[in-house]
Amino acid sequence: MVSIKNEPSVYWIGDSTVQFNYIDTWPQCGMGQTLDIYLRPGIKVHDHAKNGRSAKSFLAEGLWEPVDQSLQPGDLLLIQFGHNDEKEYDPERYAAPEDFARYLLDYANRAKEKSAYPVLVTPLTRRWLLPNGKLDHSHGAYPDAVRRLAAQEGLPLIDLTAASRALVESLPEEESREFYMVFPAGVYANYPQGKEDNTHLRYLGAVKFCGLIADGLKALGGVYADFLLQGPNL
């Protein structure tokens, strides 16, 4: 009998910028909902990201367990936290940058023990525009903590903070607004008063920023690039 190898899966752990959203929060859309359009047919995305979670609370609340139990050799684990880890007023979620890095390393090491492929992802930029049109550095020391960890431990890195920041800054303000939950009253039934949320995404933003994740996987090459849809224009 010929043995047929199943396609690997992609697992994503993180926060609300990644979380799968349903119609009751439309048009909010996490990046985990759109990554599959960049992947080879047959590869499934398992989005375990959860609103409001940090690298610390994701573990403490047991949200890591089903991922840990499901990872198989050859799977890809994307690890993106940082939006909630920096909240010092919330000790249940807050982890200083050095502690934050240790949580990320634990996730990555556990994936490697399963012969899966962990990739560290710096947090998606917030759209906090300064008067000069540039973005405020809204995540403080946390992106650098991820970058240092990747360099020290030889872990693959996708610098989504830098890439998303560059993309937003390259666009007119009214165009980048379409990526985020920023819209006037009367546009969406779920938000009759409108919204001015420059952290969470609409569908277009999720697609655009997942494109940066795909670019990062392509740049990493090898097994990471093999997850991507292949073609002459890709």
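What percentage of the 234 residues in the chain is buried? Buried residues account for 50% of them. Please keep in mind that this is a predicted model.

1. Secondary structure and overall form. The chain contains eight helices and seven strands. Its radius of gyration is 18 Å, close to the 17 Å that the globule rule gives for 234 residues, so the chain is as compact as a globular protein of that length. Along the principal axes, the C-alpha trace spans about 60 × 40 × 35 Å.

2. Contacts. Counting contacts between residues at least 6 apart in sequence, 73% join residues that are at least 24 apart.

3. Position of F58. This residue belongs to helix 1, which covers residues 55–60. F58 has a relative accessible area of 0%. The cut-off for buried is under 20%, so F58 counts as buried.

4. Surroundings of F58. Leaving aside residues up to four places away in sequence, F58 touches I13, G14, H48, A49, R53, L63, W64, F81 and Y107. As for A95, F58 is 37 residues away from it in sequence, and the C-alpha to C-alpha separation of the two is 12 Å.

Conventions
Residues are numbered from 1 along each chain as its sequence is written. This is a predicted model: local features need pLDDT of at least 70, side-chain atom pairs count only at pLDDT 80 or more; totals for chains, interfaces and linings use all residues. Side-chain values use heavy atoms; hydrogens and water are left out. Helices (H or I, at least four residues) and strands (E, at least two) are DSSP runs, numbered from the N terminus. The radius of gyration is taken over C-alpha atoms; the globule rule is 2.2 Å times the number of residues to the power 0.38. Buried means under 20% relative accessible area, exposed over 50%, partly exposed in between (1.4 Å probe, protein chains only). Contact means heavy atoms within 4.5 Å.
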